[in-house]
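Hello,

Here is the structure I promised to pass on to you. Please have a look at it first, and then read my notes below.

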Amino acid sequence: MLIIAGLGNPGPTYAKNRHNIGFMAVDEIARRWGFSAARSRFQGQASEGSIDTPQGPVRALILKPQGYYNESGRAVGEAMKFFKLTPTDVIVFHDEIDMAPGRFRMKSGGGAAGNNGIRSVTSQVGDAFRRGRIGVGHPGHKDAVMHYVLGDFHKVEHQWLDPMLDAIADALPFAAVGDDERYQAEVMRLAPAPKADPRKPV
């Protein structure tokens, strides 16, 4: 069993925010792999399904915590304990302001780097979980970060956003069998984005 969690804020007000790209990613995964309809569970919206891999199907739970971004760890911790999993069985997709828009990196362990959602998950399950970091860019000044991440993606940003979400879902079998390096490479192959300064607009 794999827990695939997305970070975001619940409700239509926040649905198209940059901060909600984690929700967008797991929604696309659920659609691509035909997961069950979401229902209230583990202090979040949860759906179950399986991911076809060359090694056979991998069962997974998609989880969208509903306690707001900075409290995401409660839902992840509750689900992990229920299924008796370890942190390495957990993948958390989230926005990353210190990466250029359209860049993608998988990472295991480490600090929160100022991300309060990741800090919340760490407080509940430790820091060894896997992170799917999706670059959204930086507004250029720390005082503008909150307004920026709680702002909606602009229409022009969908030129990289939509292919990125498709790639995250399509390449998922590599992550499902634990090959995060190959998964990262495949996502960037399917949705290439130039390396750029995250503080400069694409």
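**Strands and hairpins**

G44 stands opposite P65 in strand 4. Before going on, a word on the ground rules: this is a predicted model, in which local features need pLDDT of at least 70 and side-chain atom pairs count only at pLDDT 80 or more, while totals for chains, interfaces and linings use all residues. Residues are numbered from 1 along each chain as its sequence is written, and side-chain values use heavy atoms, with hydrogens and water left out.

Helices (H or I, at least four residues) and strands (E, at least two) are DSSP runs, numbered from the N terminus. Two strands pair if DSSP finds at least two bridges between them. Strand 3 and strand 4 (residues 58-65) run antiparallel and are joined by eight bridges. They form a hairpin with six residues between them, and G56 in the turn has a positive phi of about 110°.

Strand 3 (residues 44-51) also pairs with strand 2 (residues 39-41), again in the antiparallel sense, over three bridges. Here R39 stands opposite A46 in strand 3. This hairpin has two residues between the strands, and F42 takes a positive phi near 55°.

**Salt bridges**

How many salt bridges does a search of the whole structure find? The count is nine, where a salt bridge is a side-chain nitrogen of Lys or Arg within 4 Å of a carboxyl oxygen of Asp or Glu.

One of them joins the side chains of R18 and E157, at 3.1 Å from N to O. This pair links distant parts of the chain, 139 residues apart: R18 is in the loop between strand 1 (2-6) and helix 1 (21-33), and E157 is in the loop between helix 4 (145-149) and helix 5 (158-170). Both R18 and E157 are buried (buried means under 20% relative accessible area, exposed over 50%, partly exposed in between, with a 1.4 Å probe and protein chains only).

E96 and R133 form another salt bridge, with their closest N and O atoms 3.2 Å apart. It too links distant parts of the chain, since E96 is in strand 5 (residues 90-96) and R133 in strand 7 (residues 130-135), 37 residues apart. E96 is buried, with a relative accessible area of 8%.

In E186 and R189 the side chains meet at 2.7 Å, N to O, in a salt bridge. These residues are separated by about one helical turn, because they are three residues apart in helix 7 (residues 180-190). Elsewhere, salt bridges that share partners join R41, E48 and R59 into one network.

**Aromatic rings**

Rings of Phe, Tyr and Trp (its six-membered ring) pair if their centres lie within 6.5 Å; planes under 30 degrees apart count as stacked, over 60 as edge-to-face and the rest as tilted. By this rule there are seven aromatic pairs. Among them, F82 and F83 are edge-to-face, 4.9 Å centre to centre with 85° between the planes. F42, F82 and F83 form one aromatic cluster.

Finally, two charges over rings: the charged end of R18 sits over the ring of Y148, 4.1 Å from its centre, and that of K64 sits over the ring of F23, 5.0 Å from its centre. The rule asks for NZ of Lys or CZ of Arg within 6 Å of the ring centre and within 35 degrees of the ring normal.

Best wishes
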